[in-house]
Amino acid sequence: MTLARKHNQGAIKIRDIAAESDLPEKFLELILLELKNARIVDSTRGARGGYKLRRDPSEIALSDIIRLIDGPIAPLGDADQLRTLIAKDADHRALYQVFLAVRDAAAKILENTTIADIVNAPHSPRGKKRAAKKPQAAPLVASKQSSEG
């Protein structure tokens, strides 16, 4: 988030990123190395060195960062595993279909949210202020599945 907020300011020193993010430098170094290997950030050596995003924050999906750092998005298993279970386990098929729907919904949200969206969100303390939108209630979906638990 620090690199996104300071995107147009050139390379940012790791100690400055650590201080602003309230993270230990050693921990941050590991994350930045992964981001560099994935070609999300660039590093520059020397007195004016540091790290910067390779692309505009609006072009970096949150899903890319999460998958890189944490692995699969859904805590309920990856999509291929769930599809295999749906095909093979008739007794629990409905449950696995729900897990797949949750996984797909989470992935869609994260794939359509960029780092810029988060940095510029109205609730972000350092983000730009936007007009507040009226919250909408999520529709409830009822299905006629077996009442077996």
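How exposed is R67, and what is its relative accessible area? In this predicted model, R67 is partly exposed, with a relative accessible area of 32%.

The side chain of R67 meets that of E111 in a salt bridge, with N and O 2.9 Å apart. Because E111 belongs to helix α6 (residues 93-111) while R67 belongs to helix α4 (residues 62-70), the pair ties together parts that are 44 residues apart in sequence. E111, for its part, is partly exposed, at a relative accessible area of 40%.

Side chains of opposite charge can pair when their charged atoms come close.

| Salt bridge | N to O distance |
|---|---|
| R5 and E20 | 3.1 Å |
| E111 and R67 | 2.9 Å |
| D104 and R103 | 3.0 Å |

The salt bridge between R5 and E20 links distant parts of the chain, since R5 sits in helix α1 (residues 2-5) and E20 in helix α2 (residues 14-21), 15 residues apart. R5 is partly exposed, with a relative accessible area of 26%, and E20 is likewise partly exposed, with a value of 22%.

In the salt bridge of D104 with R103, D104 is partly exposed, with a relative accessible area of 31%, whereas R103 has a relative accessibility of 17% and therefore counts as buried, the cut-off for that word being under 20%. Finally, salt bridges that share partners join R5, K6 and E20 into one network.

Methods:
Residues numbered from 1 in each chain as written. Predicted model: local features only at pLDDT ≥ 70, side-chain atom pairs only at ≥ 80, totals over all residues. Heavy atoms only, no water. Salt bridge = Lys/Arg side-chain N within 4 Å of Asp/Glu carboxyl O. Helix = DSSP H or I, 4+ residues; strand = E, 2+ residues; numbered from the N terminus. Buried < 20%, exposed > 50% of the residue type's maximum accessible area, 1.4 Å probe, protein only.
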